[in-house]
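Work through the exercises below with the sequence and the 3D view open. Each task is followed by a solution in steps.

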Amino acid sequence: MDTSLVSSQAVELLSQITGQKLTPKNLTPPVIFLANLVAVLLGVIFVDGTVAESEKQRLLTTLYRFSIPESDVRKLTHLMIKGVKENQVYKQINSLLALAAPLSESEKLLLISFGYEMSAADGEIDPHEKKYLEILAKHLGIKPQHLGVLEAGFTHQENAEAIPLNEVHFLLDPARFQELDTIFVKAASDIMALLPAKSATKVIKQHSNIPYGELAKFQEHRKQLETYCDQISQMVRDCNERSFFPHGLIEEIEEVSKKIKLQRFRLAVIGEFSKGKSTLLNALLGEEIQPVREIPCSGAVTVLKYGTQKRIICRYQNGTQEEISFEEYQLKATISENAAIDCLSEELADSQIDEIVFEHPDLELCSSGVEIVDSPGLNEHPDRTKITQKLLKDTDAVIFLTNASCSLTQVERELLQDVKTQLNYGKGNEPVNNLFVVGNFIDLVRSDKGREQVRQRIERFVTGQNPIVAGENRVHLISAQATLEAILQGTENEYLKAFQNFTQSIDKFLTFDSGKLKIKHFITQINRVIQKSIDGLYQFEDILKGKIQISETEKQKILENIGEASGRDIKIKNLAEIQQKEVIKQATDSWTKWREELKENITQKSKDWNSLHNPVFSQDKLIKDYINKFTATISQEIDIWGNKQLKDVILLKSIEDLDAKIADELNAIQSEFQSIDMHIQTNLSQQLKLSINGINDDFTGFGGIGGGLGIGALAAGLMVFTGLGFIAIIVASVVAAIAGSFGFGMLDSDGLKDKIKGKIIEIGFQKFNESMDKNKLPAKLDEIVGSVFNSRVESASRVIAQAIALYENLLEQQEKAHNETLEQREAEKMWIYQKREELEQVQNGLEVILSKCTIV
């Protein structure tokens, strides 16, 4: 719908019809379509000069499909019925054309469809009514052949001409009406159900013919690393039986092996409701797994992954889980139609499902090591922030889906900014390279010029002055449905080719940009274990050769060093506990002050809250818009406090102090190792350095901050525990309060908006404060801050434990060598040489894999 075509005549006419002083900005697409629908339907029932009671009832039944009782739209509908009837608008062709001028070709056809549905309600179409609709359709530019399809559908004729039938199906595709409202999408779907069906799609093949070649290569490398880990693990076990290695080395290689075996690429699909996410997933998988319908469908986070057998596990928020059937999955994974149309937020808020895991052995993408996460629509989800964080946790790539025919609405732009922020934790405001923006339903945009305009519109936003994405081939235009049909039929079309280009971009990113970094990291970890193993073998060989000899005095010194190292571990824990308590006190004081200023800050920021909905005609939608703005604003405020106050002012200094103290203690242990090395010609200090480097893979090192602070998770945790899901619960109370306080007829649009904002802030803060008291913030803060401190302490303890193990292993090797005969020692040397060669062969194999995965 092109609202720029709303004329002054249309504004004046609608003002006259409704009895309200309207302006062009009051005439939103739903209001314009509803006015046209009222006029056409009244024309149908009045054209023959008589109006039966059954016709009046059918009129109300049809119109009431677009509103709920006591809503503003319902009140508006009655005003329009009265005004159109009194002014006999349905008889004035110029007035009808002025009202219909902004409508698209599809919207005009849908409008006439409702006229035919009304006329054919008793199974036959009255000749007068048919003539009226034909005249009106001619003025609206609707083809007579399309009217023939409508007549065939509503009078239950089985045959219709193939070409016009396909054109009507194309024009009435429910995806075309998302700009109007979900309820119009449902209405279009109902109309389509009454029309003759297109020829059924014959399914020739069940699974995808879309190749994922690079992912397959990555899996080969990953399996090779698994094999090498198994080899090393067996060698370490063999060496442990001979007391060659320090305790803990077997756990270290098994931990690396476990990470490699569990490695999966995580691909999240997100966006607003009804953008075709479920169909996209089915196309990616090459099989109709996700439930699909025209109105909002997905009601739970669903994870699709590889499994040795097909099974579905439903996990609940209380920690329980159960295996469910495919039929149960189809029910649990969707929201009800009523919720999709009216009360979406409430049903989502009441859901007890945490996530649904669908395991399948034959899905090519999943068997290539990819887990796909399907999200419910985020535009009206009451826990949008929490859901987004859950989806994006450990995510390798994100697909953001929009409707190409009305791409990147204001809400979608805000969603994209949210996604960028979540993906960017710890990286500032840089554009992200793991976000793909995909315009679906491109088949509804027929002209090449139109498609190019869609691409430019998306690219201007995501790569413009404040870019969202970085990297090549991050914007794609697809038709998920046309692609899926081609896959199932085993045919090719332009949409399948475009989709393959899209999947190749995903394939390339996961392997070249993300996968090779993972391979390099795994190889670094494996090489660290190999080097520790080789060092242990050289050390024992030197003991066997007599190059390393430990006197009783030196043995006693080593035992004293073990005791001192244990004492340093306890000292670090005590220091951390003291500093943690001080941080909690400072954080609690800061949080209390922040809460005192919060309401004033949000009231000030509410001046920038905008909505396309009118407070008179779409008051319920305006209220939900402002509630979402309240949620977003309070989340931003929490995020600002978590990063600028808790992190930058309170935690950063404390963690820097703790890191410096930990570094001092570890340096002291390192100095003791260096002293031992000098006296008995060992390389213990070098072996300890390997352990410290392993810890530094997770942090920037003791004495440095960076990613070791884990602030991204901290800020996310703050937003989750504040209980922002309460927003959905107060929707009804806010709507009731607003309606009762201000009424429908208030014409001061800006004044009404301000009062609505004020009421939302008032009720929102009441619920927010209740949520804070209930959640016992200081205890939760203790938990979050404690996790930051504990991660540092645990890492330091791990290094100290490995240092002690090195001491103990040295003494064990000395004792073992002392008790062996000369022959046994020579046999040990041969065995050490053999194992060292085997380890070096593994190193060479790792180098080959690394050369194939060179990071460019």
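**Strand pairing and burial**

Val 303 stands opposite Val 373 in S6. The model used here is predicted.

**Exercise 1.** Determine in which sense S2 and S6 pair, and over how many bridges.

Solution. Strand S2 covers residues 302-306. Its pairing with S6 is antiparallel and runs over three bridges.

**Exercise 2.** Find the sense in which S1 pairs with S6, and the bridge partner of Phe 265.

Solution. Strand S1 spans residues 265-271 and pairs with S6 in the parallel sense, over five bridges. Phe 265 has Val 370 of S6 as its bridge partner.

**Exercise 3.** Describe the span of helix H12 and locate its buried and exposed residues.

Solution. H12 (residues 249-262) has 14 residues. From first C-alpha to last it reaches 20 Å, close to the 20 Å expected at 1.5 Å a residue. The buried residues are Leu 249, Ile 250, Glu 252, Ile 253, Val 256, Ser 257 and Ile 260. Viewed down the axis of H12, they fall within an arc of 165 degrees, so they line one face of the helix. The face turned away from this buried side carries the exposed residues Lys 258 and Leu 262.

Notes
Residues numbered from 1 in each chain as written. Predicted model: local features only at pLDDT ≥ 70, side-chain atom pairs only at ≥ 80, totals over all residues. Heavy atoms only, no water. Helix = DSSP H or I, 4+ residues; strand = E, 2+ residues; numbered from the N terminus. Expected span 1.5 Å × (residues − 1). Buried < 20%, exposed > 50% of the residue type's maximum accessible area, 1.4 Å probe, protein only. Arc of directions from axis to C-beta. Pairing = 2+ DSSP bridges.
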